[in-house]
Amino acid sequence: MAASSSLSAPNLPSAPPESNAEMLRINQILTSKLYFDVPLSKVPFIYSSSYNIAFMGIEKLHPFDSAKWGRICQFLMEDGVLDKKKIVEPVEASEEDLLVVHSKVYLHSLKSSSNVCLIMEVPPIALLPNCIVQQKVLYPFRKQVGGTILGAKLAKERGWAINAGGGFHHCSAERGGGFCVYADISLCIQYAFVRLNISRVMIIDLDAHQGNGHERDFPNDSRVYILDMYNSGIYPFDMEARRFIDQKVELVSGTTTSDYLEKLDTALQVAEHAFDPELIIYNAGTDILDGDPLGRLKVSPEGVIERDEKVFKFSLNKKVPIVMVTSGGYMKSSARVIADSIANLSKKCLIQLKNTPC
């Protein structure tokens with residue numbers, strides 16, 4: 001005889017709130033449209049013209065080149081390295097997608113133009129209606145977030161992926177800053193954990209600035225290994241986040257190309273034996289370039305190209321897929337250097353942008 005409905009286990013303990021929140025987060029990831037199938041006729045190079053920020057010249061009030069992403073692609077196409085038809089366009093990250101990492105309180109704070117202004121460090125943004133800020137400033141960033149997240153899927157399928165944008169490593173779940181509004185690296189990792197059955201991720205952060213955002217999002221998390229090589233004498237001076245760096249390489253202002261590359265070689269040798277990743281996220285900021293007003297290092301364009309080659313060789317030798325994001329870089333020359341570096345990766349057969357075999 002079936003038990004009466006009035007006897008149905010009323011005393012069973014309910015799931016703890018954190019379990020409910022975790023189930024909701026997993027469901028958000030599983031139902032997201034950010035992962036989609038990309039035909040083999042396209043290469044794992046991700047970009048959208050929507051990445052670029054332009055509104056009445058206001059974007060020029062910050063040293064960051066907000067047209068950098070488009071200029072990278074333009075150089076690659078003009079040089080015959082990349083076919084426009086082979087580029088993958090990502091989907092914009094929705095609020096539900098962003099809630100996988102960010103809180104509702106933080107996302108709601110972005111509905112204040114003044115708050116966005118503080119993150120972007122462009123004072124006139126505070127005077128704009130928020131609907132314009134959402135469309136002209138935040139929408140491009142949400143597209144780039146979609147690109148970084150998709151990059152992990154493409155990297156696992158093809159061995160590598162490059163998002164022409166992304167790398168907002170100063171943003172954490174609850175706080176933006178330093179021109180970083182959304183935590184695309186943290187989001188990418190959370191999606192990879194659920195959708196790609198990946199449980200070990202290495203972040204190689206070679207932007208000139210400390211990647212305090214992802215460090216705050218994965219404190220003492222054994223699944224995520226962080227190698228961060230940065231100028232310790234510049235923003236963000238986040239001493240708390242530094243406690244969560246697994247492998248810290250602190251540079252001083254004025255570090256030259258030879259010293260930089262020597263320290264990188266040593267760091268990669270240590271990382272090779274310290275952790276066995278299933279995915280590498282490479283934050284490839286070009287603010288290490290000599291003359292960059294914010295990075296304050298003295299690395300040559302050739303040094304940046306060699307740096308990227310070393311990281312991709314590290315990935316290839318370990319047989320681990322890699323996602324590259326372009327992060328910071330505050331000179332007009334950054335786009336040209338990035339394009340030249342990507343062309344070099346293709347020439348050295350570390351990536352394949354054309355159908356011709358290496």
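Hello everyone, and thanks for coming. Some ground rules before we look around. Residues are numbered from 1 along each chain as its sequence is written. Because the model is predicted, local features need pLDDT of at least 70 and side-chain atom pairs count only at pLDDT 80 or more, while totals for chains, interfaces and linings use all residues; side-chain values use heavy atoms, with hydrogens and water left out.

Let's start with the sheet. Two strands pair if DSSP finds at least two bridges between them. With that in hand, we have an open sheet of seven strands with parallel pairing, in the order E1-E2-E7-E6-E3-E4-E5. Which strands stand at the edges? They are E1, residues 45–46, and E5, residues 247–251; each has a single partner strand, so one side of each is left without a neighbour in the sheet.

Now follow strand E2, residues 160–163. On one side, E1 and E2 are parallel and share two bridges, with Phe45 opposite Ile162 of E2. E2 is also joined to E7, by four bridges and again in parallel, and there Trp160 faces Ile322 of E7. In a regular strand, side chains alternate between the two faces of the sheet. Here Trp160 and Ile162 point one way from E2, Ala161 and Asn163 point the other way, and all are buried. For burial, the cut-offs in relative accessible area are under 20% for buried, over 50% for exposed, and partly exposed in between, using a 1.4 Å probe and protein chains only.

Further along the sheet, E3 (residues 201–205) and E4 (residues 224–231) run parallel and are joined by five bridges.

Next, please find helix H6, residues 130–158. H6 lies across E1, E2, E6 and E7, and runs at about 165° to E2. That angle is taken between N-to-C directions, on a scale from 0 to 180 degrees, with axes fitted to C-alpha atoms, for helices over the stretch in contact; contact means heavy atoms within 4.5 Å. Just after H6 comes Gly159, with a positive phi of about 100°.

On to charges. A salt bridge here is a side-chain nitrogen of Lys or Arg within 4 Å of a carboxyl oxygen of Asp or Glu. How many salt bridges does this rule give? The count is 20. Take Glu309, which is buried because its relative accessibility is 11%. Lys313 bridges to Glu309, with the closest N and O atoms 2.9 Å apart. These two are four residues apart in helix H11 (residues 301–318), so about one helical turn separates them. Lys348 also forms a salt bridge with Glu309, at 3.0 Å between the closest N and O atoms. That pair links distant parts of the chain, 39 residues apart: Lys348 lies in the segment after helix H12 (334–347), and Glu309 in H11.

Another salt bridge joins Arg216 and Glu240, with their closest N and O atoms 3.4 Å apart. Arg216 sits in helix H8 (residues 212–217) and Glu240 in helix H9 (residues 239–242), 24 residues apart.

Finally, the backbone. Most residues other than glycine have a negative phi, and most peptide bonds are trans. Glu121, however, has a positive phi near 60°, in the loop between helix H5 (113–120) and H6. Lys319 has a positive phi of about 60° and lies in the loop between H11 and E7; at 75% relative accessible area, Lys319 is exposed. And the peptide bond from Tyr235 to Pro236 is cis, with omega near 15°; Pro236 belongs to the loop between E4 and H9.
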